[in-house]
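Please keep the sequence and the model at hand while reading.

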Amino acid sequence: MSVGRNDPCPCGSGEKYKKCCLGGADPATKKRQQTILILSAIALVAGIAGAIFVSKTVGLGIGLGGLFVIGTWVWLTAPPPKSGSKGDPGAINFGR
């Protein structure tokens, strides 16, 4: 089943397909970017709260530690890059 430009977007946003997902990133990528942004904001707010209520050093440690953990998670869960070349030794071509 194909989705027309003026049909509702299949990602469930309520917008038309042409204004939401047409030509852009897929919904899973959008959700991942939103999750990264939210987690980063939480780490920064925790760092600021630590700086206000404990000390600047503790706040800096909390903020940077949180961002390090988020960055490590992003790095470890990143999907492998797509390869369009036939000469890629890591590509599986199944004899085609």
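Helices (H or I, at least four residues) and strands (E, at least two) are DSSP runs, numbered from the N terminus. This is a predicted model, where local features need pLDDT of at least 70, side-chain atom pairs count only at pLDDT 80 or more, and totals for chains, interfaces and linings use all residues. Residues are numbered from 1 along each chain as its sequence is written, and side-chain values use heavy atoms, with hydrogens and water left out.

**Fold**

The protein chain has three helices and zero strands. Its elements run α-α-α from the N terminus on. Contact means heavy atoms within 4.5 Å. Take the contacts between residues at least 6 apart in sequence: 26% of them join residues at least 24 apart.

**Surface**

Accessible areas come from the Shrake-Rupley method with a 1.4 Å probe; for residues, only the protein chains shown count as cover. The protein chain exposes about 7800 Å². Carbon and sulfur atoms supply 66% of that area. Buried means under 20% relative accessible area, exposed over 50%, and partly exposed in between (1.4 Å probe, protein chains only). Of the 96 residues, 11% count as buried.

**Nonpolar patch**

Like charges are joined within 9 Å, nonpolar side chains (Val, Leu, Ile, Met, Phe, Trp, Tyr) within 5 Å. Here, Ile 48, Ile 52, Phe 53, Val 54, Val 58 and Ile 62 form a nonpolar patch on the surface. Together they have about 630 Å² of accessible area. Helix 2 (27–53) and helix 3 (56–77) each supply at least two residues of the patch. Helix 2 gives the most, with three. Ile 52 lies in helix 2. Why does Ile 52 count as exposed? Because its relative accessible area is 61%.

**Residues between helices**

Leu 60 sits in helix 3, and it counts as exposed because its relative accessibility is 53%. Ala 46 sits in helix 2; at 33% relative accessibility, Ala 46 is partly exposed. Two pairs give C-alpha to C-alpha distances:

| Pair | Apart in sequence | Apart in space |
|---|---|---|
| Leu 60 and Gly 47 | 13 residues | 5.8 Å |
| Ala 46 and Gly 66 | 20 residues | 8.5 Å |

**Rings**

A charge sits over a ring if NZ of Lys or CZ of Arg is within 6 Å of the ring centre and within 35 degrees of the ring normal. Arg 32 lies over the face of Trp 73, at 5.4 Å from the ring centre.

Note on methods
Patch = residues over 30% accessible without salt bridge, like charges linked within 9 Å, V, L, I, M, F, W, Y side chains within 5 Å. Salt bridge = Lys/Arg side-chain N within 4 Å of Asp/Glu carboxyl O.
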